[in-house]
Amino acid sequence: MYDVAILWEWLAFALRWLHVITAIAWIGSSFYFIALDLGLNRNIQGPADGEEWQVHGGGFYHIQKYLVAPDAMPDHLTWFKWESYATWLSGAALLAVVYWVGAELYLIDPAKADLAIWQGVLISAASLGIGWVIYDQLCKSRLGETPTTLMLLLFALLVVMSWGYNQVFTGRAALLHLGAFTATIMTANVFAIIMPNQRIVVADLKAGRKPDPKYGKIAKLRSTHNNYLTLPVIFLMLSNHYPLAFGTQYAWIIAALVFLMGVTIRHYFNSMHARKGKPTWTWVVTVILFIAIAWLSTFPGHDSYEEAEARALTAYEQRFASAAGFEEAHDIVIGRCSMCHAREPVWGNLHWAPKGVFLETEADIAHHARAIYVQSGISHAMPPANITGLPDEDRATLAAWYRAATD
């Protein structure tokens with residue numbers, strides 16, 4: 001029989017799959033239209049602002065762009081919005097499933113802030129909308145006429161939020177939330193600015209009025225911002241798989257530098273698509289930034305073994321540490337897993353614990369009870385290729401311990 005833990009893992013997997021699919025659709029269409037707009041041939045006659053001939057899939061495409069809109073509304077008009085909405089909605093659902101329901105494991109770090117679960121979830125949810133409110137007000141102010149200044153202020157906001165998240169959440173959750181924070185700004189741009197402005201233009205055309213070009217200008221500015229924010233968001237969404245990115249006291253600086261890398265990379269491709277040359281200096285800057293990130297990742301961001309051993313167990317950890325079978329499970333994990341999942345691994349050439357998971361102390365093992373159950377109790381995912389020879393009877397013991405604590 002599948003139990004709740006298994007169903008929950010599959011729910012998280014399904015949501016992650018959906019999130020990746022919708023993100024591919026959104027990012028793909030966004031990058032395509034930015035490249036198309038920058039590469040348009042504007043030396044043409046007629047009402048169109050530019051045109052482009054393209055070949056793909058055995059066919060030729062003749063694309064024209066109107067700065068405001070054509071004289072008459074076409075019968076068929078494709079709107080690009082659901083890619084963005086579906087990406088945000090699936091991401092928000094995944095955030096709730098992984099980080100809210102699993103707050104004790106992935107969200108809250110008692111060493112940073114001793115939060116109750118409801119407090120951590122409230123901070124998580126409320127913080128996502130703060131950036132949009134501040135950013136939107138900046139865009140609507142006079143700063144909206146100075147895009148470079150606006151982007152610098154947005155970068156400053158992201159740095160502050162990166163630092164703030166790192167003060168209250170685990171390193172993994174801090175980077176993930178910064179990505180969700182930025183993605184919320186991007187989706188809100190589509191929902192609250194780009195789409196309404198386009199609807200105004202369409203309504204004017206249907207009513208026989210000449211649309212005001214300012215609406216297209218505003219929408220394009222927000223779209224450009226989204227273009228530069230996309231790559232950092234992808235990095236932050238992937239960071240939870242790489243403890244070197246989040247398992248350091250300087251994770252918030254790493255996140256800030258990632259945003260700068262996103263700008264340099266996109267600037268290269270935007271310049272190339274606009275036929276303004278290939279600014280290779282951007283790759284030099286990107287490499288330097290990446291080296292700085294790699295260096296910052298070497299600074300420890302976790303407590304020592306002695307500090308971890310002395311730390312009092314949380315209520316969540318106490319639940320598993322006091323369950324029947326914990327002593328046997330503890331001995332199994334120490335004997336089969338802790339040589340890799342240690343603050344100073346001793347297995348082979350490992351220099352850091354896989355996924356940043358430590359399994360050395362009673363608190364460590366109790367804290368990761370569900371992961372142990374899923375990875376080693378009911379599946380053979382861990383140890384990899386069963387390299388430490390974990391027998392089936394020990395796996396059954398691990399599963400029985402978890403179930404004793406959750407029944």
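The structure is a predicted model in which local features need pLDDT of at least 70 and side-chain atom pairs count only at pLDDT 80 or more, whereas totals for chains, interfaces and linings use all residues. Residues are numbered from 1 along each chain as its sequence is written, and side-chain values use heavy atoms, with hydrogens and water left out.

The chain contains 16 helices and two strands, where helices (H or I, at least four residues) and strands (E, at least two) are DSSP runs numbered from the N terminus. Taken along the principal axes, the C-alpha atoms fill a box of roughly 80 × 45 × 45 Å. Of the 407 residues, 44% count as buried; here buried means under 20% relative accessible area, exposed means over 50%, and partly exposed lies in between, with a 1.4 Å probe and protein chains only.

An unreviewed UniProt entry carries the annotation "transmembrane region" for residues 17–35, 85–103, 115–135, 147–165, 171–194, 250–269 and 281–299. The UniProt positions are given in the numbering used here, feature names are shortened, and annotations may be inferred rather than shown by experiment. Two of these spans may be set beside the model. Residues 147–165 are 100% helix and 0% strand, with end C-alpha atoms 27 Å apart, while residues 281–299 are 84% helix and 0% strand, with end C-alpha atoms 29 Å apart.

The two strands, E1 (residues 50–56) and E2 (residues 59–65), pair in the antiparallel sense over seven bridges, pairing being assigned if DSSP finds at least two bridges between two strands. Within this pairing, Val-55 has Phe-60 in E2 as its bridge partner. E1 and E2 form a hairpin with two residues between them, and Gly-57 in the turn has a positive phi of about 60 degrees. In a regular strand the side chains alternate between the two faces of the sheet.

The structure holds 14 salt bridges, each defined as a side-chain nitrogen of Lys or Arg within 4 Å of a carboxyl oxygen of Asp or Glu. In one of them, Lys-220 is joined to Asp-37, with the closest N and O atoms 3.2 Å apart. This pair links distant parts of the chain, since Lys-220 lies in helix H7 (residues 214–238) and Asp-37 in helix H1, 183 residues apart. Lys-220 is partly exposed because its relative accessible area is 43%, whereas Asp-37 counts as buried because its relative accessibility is 12%. Asp-37 and Lys-220 also belong to a network of salt bridges that links them with Arg-42, Asp-49 and Lys-65.

Asp-136 is buried, with a relative accessible area of 6%, but Lys-140 is exposed, with a relative accessible area of 57%.

In a further salt bridge, the closest N and O atoms of Arg-343 and Glu-360 are 2.7 Å apart. Arg-343 and Glu-360, 17 residues apart, both lie in the loop between helix H13 (326–336) and helix H14 (362–367), and the pair links distant parts of the chain. Both Arg-343 and Glu-360 are buried. Phe-326 lies in helix H13 and is buried, because its relative accessible area is 5%. The C-alpha atoms of Phe-326 and Ala-363 are 11 Å apart in space, although the two residues are 37 apart in sequence.

A disulfide is a covalent bond between the sulfur atoms of two cysteines. With a disulfide taken as a pair of cysteine sulfur atoms within 2.5 Å, the count comes to zero. Cys-337 is in no disulfide, and the nearest cysteine sulfur, that of Cys-340, is 8.4 Å away. Cys-337 counts as buried at 11% relative accessibility, and Cys-340 is buried with a relative accessible area of 15%.

Finally, Trp-10, Phe-13, Trp-17 and Ile-21 form a nonpolar patch on the surface, with about 530 Å² of accessible area together. Patches are made of residues with over 30% relative accessible area and no salt bridge, like charges being joined within 9 Å and nonpolar side chains (Val, Leu, Ile, Met, Phe, Trp, Tyr) within 5 Å. Accessible areas come from the Shrake-Rupley method with a 1.4 Å probe, and for residues only the protein chains shown count as cover. Trp-10 is placed in helix H1 (residues 4–38) and counts as exposed because its relative accessibility is 53%.
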